[in-house]
Amino acid sequence: MSIEPASGERFLPARRALADDVYDAVLALLMDQVIEPGSRASIDGIARQLNVSPTPVREALARLESEGLVVKRALKGYTAAPLLDSEGLRQLFEMRRLMEPYATRNAVGELTPATLDELEELCEEMHRSGAAAQSGEDRFNDYKDFADQDAAFHRIIAEHSGNLLLSDAIARLRSHMHQYRIYFKHGVVDETSGEHEAVLEALRAGDAEAAEQAMLDHITKSYHRISASLEG
């Protein structure tokens with residue numbers, strides 16, 4: 001079952017996947033800014049709102065801390081990570097520009113036909129979920145599928161780079177998920193999906209230089225889209 005958090009509501013996550021459901025619910029509270037950036041994320045308060053015990057909430061927050069979406073401070077508990085300002089955004093994309101094109105180059109020749117097919121399916125799913133999200137209400141549940149598919153596309157490529165530390169570093173940049181909200185406010189889903197297809201085409205062709213360049217182009221264009229949206 002899906003959980004759609006909103007301020008003042010209570011939820012009953014399914015028993016079979018309680019930890020994952022609570023994680024998704026807390027993530028949505030953060031993405032929808034029910035828990036505002038920089039504010040305290042109270043374990044007991046969230047547990048009451050979701051109608052669950054504190055244990056799965058504590059586990060969810062620990063997981064979100066590892067992804068950079070909440071921060072834990074001694075004696076103060078968890079707070080929601082602040083949104084990136086323009087300089088933080090620039091630094092984030094500078095890191096992505098340094099790491100992901102290199103990882104993509106290294107993945108050429110390491111992706112099996114089945115994995116390439118998986119990446120193609122993700123591209124197709126992104127078109128579908130992106131179109132569906134455009135008709136939503138600008139809440140996390142409207143664009144969660146697209147965000148997950150986008151993250152999976154980049155994660156799979158990084159995992160085949162032959163460098164575990166590099167793959168882990170790329171995965172830890174998940175804190176940029178807040179940017180998806182900007183994507184859907186400004187209707188640039190098709191551009192993102194098309195750029196992924198260009199990366200996939202180069203990977204299928206076994207062209208390491210083209211794959212590296214396609215990923216660099218994608219990340220650069222993403223940065224310009226997001227920074228322009230923030231300025232607007």
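The protein chain has ten helices and three strands. The model is a predicted one. Follow the sequence and the elements come in the order α-β-α-α-β-β-α-α-α-α-α-α-α. The chain holds 232 residues, and 47% of them count as buried. Now take the contacts with a separation of 6 or more: residues 24 or more positions apart make up 75% of them.

Start with the strands. They form an open sheet of three, ordered S1-S3-S2, and the pairing is antiparallel. Strand S1 (40-41) and strand S2 (70-73) are the edge strands, each pairing on one side only. S1 and strand S3 (residues 77-80) run antiparallel and are joined by two bridges. To find this contact in the structure, look at alanine 41: its bridge partner in S3 is tyrosine 78.

Most residues other than glycine have a negative phi. Glutamine 33 is not a glycine, yet its phi is positive, about 60°. It lies in the loop between helix H1 (18-31) and S1. Glutamine 33 is partly exposed, at a relative accessible area of 30%. Leucine 75 also has a positive phi, near 70°, and is a residue other than glycine. Its place is the loop between S2 and S3. Is leucine 75 buried or exposed? Leucine 75 counts as exposed, because its relative accessibility is 93% and the cut-off for exposed is over 50%.

The largest nonpolar core has 30 residues; Leu119, Phe153, Ile157, Val199 and Leu203 touch the most other members. Which elements give two or more residues to this core? They are H4, helix H5 (113-134), helix H6 (140-159), helix H7 (164-171), helix H9 (189-205) and H10. H4 supplies the largest share, six residues.

Isoleucine 157 gives a way into the packing. Leave out residues up to four places away in sequence, and isoleucine 157 touches Ala103, Thr104, Ala107, Leu119, Val199, Leu203 and Met215. Another core lies apart from the largest one. This other core has 26 residues, including Leu27, Ile46, Leu61 and Leu69.

How many aromatic pairs does a search of the whole structure find? The search finds one. Its members are phenylalanine 93 and tyrosine 223, with 5.5 Å from centre to centre and 50° between the planes, a tilted arrangement. Phenylalanine 93 belongs to helix H4 (residues 86-107) and tyrosine 223 to helix H10 (residues 208-231), so the pair links distant parts of the chain, 130 residues apart. The two partners sit in unlike surroundings. Phenylalanine 93 has a relative accessible area of 1%, so it is buried. Tyrosine 223 is partly exposed, at 21%. The cut-off for buried is under 20%.

The other ring contact involves a charge. The charged end of arginine 63 sits over the ring of tyrosine 23, at 3.6 Å from the ring's centre.

Technical notes:
Residues numbered from 1 in each chain as written. Predicted model: local features only at pLDDT ≥ 70, side-chain atom pairs only at ≥ 80, totals over all residues. Heavy atoms only, no water. Helix = DSSP H or I, 4+ residues; strand = E, 2+ residues; numbered from the N terminus. Buried < 20%, exposed > 50% of the residue type's maximum accessible area, 1.4 Å probe, protein only. Contact = heavy atoms within 4.5 Å. Pairing = 2+ DSSP bridges. Phe/Tyr/Trp six-rings, centres within 6.5 Å; stacked < 30°, edge-to-face > 60°. Lys NZ or Arg CZ within 6 Å of the ring centre and 35° of its normal. Core = buried A, V, L, I, M, F, W, Y, C linked by side-chain atoms within 4.5 Å.
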